[in-house]
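Hello,

Here is the structure for your files. Please open it first, then read the notes below.

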Amino acid sequence: MKKTMKKLGIVLSLAACMGMMVTGCGGNKNTDSEEKVYKIGINQFADHGSLDNCREGFIEGLRQSGFVEGKNVEFSYENANTDPGIAAQIAGNQVANGVDLICAIATSAAQASYNAAEPKGIPVIYTAISDPVAAGLATEENGAGLEVTGTSDLLPLDEQVAMIRQLMPEAKTIGVLYTTSEENSISNIARLEEIVKEYDFTLVTKGISAPADIPMAADAILNQVDCLTNLTDNTVVNSLSVILDKANAKGIPVFGSEVEQVKLGCAAAANIDYYKLGIMTGKMAAEVLNGKDITTIPYETITDNEIVVNSEVLANFGLSVPEGMEVLEASEVTNQA
């Protein structure tokens, strides 16, 4: 009986060992075959068309690079609604939740995300920033060297002013509303002041500090100008409907900085393709997820632009496209992967 018990114990022990080996091998196989799911936070500063296009393009750029939502990547998207404090809270929450990477859309979101993520070694990829160096998100002209990089939407201001001159040959003054705390806007104002001289315009600017300032600022500047032109100032663009209502009542056209603004009622724009900008950004993020050192990746600037118009709005102001000027109708421009 003792020998039988002993043999039975040996058999059970061997069976247990074999079971452990099978389980161990099976577990390793499953672990190796299961693809890592990356957690990506999206911190978007404002809720309007151009930044939405950036976000959609970013997701598409990742998809084109093999990072597909529901397969190997999951997104947590939050919008700060032009509040820098909320942008900082979003960034802090995303870092606390252990994201693998943050996509920050627009300057305030990018600054908040970088400040929160850098101490934890979490990479940040930004988009829709006109001047990354002025924003403190790049240390040199090519942008490499920090745990942050991305894409710039440097405005084609020369093309924009040239377009306005062609559409309004008699105009003398261009007005710009801008946020005084927005580094991109300050940088673009400085560029614009030099460019308008080449086209015989006078530039009139009016600074605001919060969305609540826009109605009064718009009333004031519309009494001094022949037209308005928008920068990529998110606080201003977020209140575009208010500005358009006041400008239309005064008979003063507003020129946008991208196609979505023209679709909403601006007369025309030297358009930046924000969807394409987002795709560029997504592909940069994919490089980082694939192991490339982010500190070696310089930021990129989109250079493609085209004139888009809203023919109905132009007609309402008695404006027409001069012969030989190549334009696209804004309503016909769609995002394409």
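Phe 67 is buried, at 6% relative accessible area (buried means under 20%, with a 1.4 Å probe and protein chains only). Tyr 38 is buried too, at 18%.

This is a predicted model: local features need pLDDT of at least 70, side-chain atom pairs count only at pLDDT 80 or more, and totals for chains, interfaces and linings use all residues. Residues are numbered from 1 along each chain as its sequence is written, and side-chain values use heavy atoms, with hydrogens and water left out.

**Aromatic pairs**

There are two (ring centres of Phe, Tyr or the six-membered ring of Trp within 6.5 Å; edge-to-face means planes over 60 degrees apart). Tyr 38 and Phe 67 pair edge-to-face, 5.7 Å centre to centre, with 75° between the planes. Tyr 38 is in strand S1 and Phe 67 in the loop between H2 and strand S2, so the pair ties together parts 29 residues apart in sequence (helices are DSSP runs of H or I, at least four residues; strands are E, at least two; both numbered from the N terminus).

Phe 58 and Phe 75 are also edge-to-face, with centres 6.5 Å apart and planes at 70°. Phe 58 sits in helix H2 and Phe 75 in strand S2, 17 residues apart. Phe 58 is buried at 0%, and Phe 75 is buried at 19%.

**Charges over rings**

The charged end of Lys 36 sits over the ring of Tyr 38, 5.1 Å from its centre (NZ of Lys or CZ of Arg within 6 Å of the ring centre and within 35 degrees of the ring normal). Arg 165 lies over the face of Phe 201, at 3.8 Å from the ring centre.

Best wishes

Key. Rings of Phe, Tyr and Trp (its six-membered ring) pair if their centres lie within 6.5 Å; planes under 30 degrees apart count as stacked, over 60 as edge-to-face and the rest as tilted. Buried means under 20% relative accessible area, exposed over 50%, partly exposed in between (1.4 Å probe, protein chains only).
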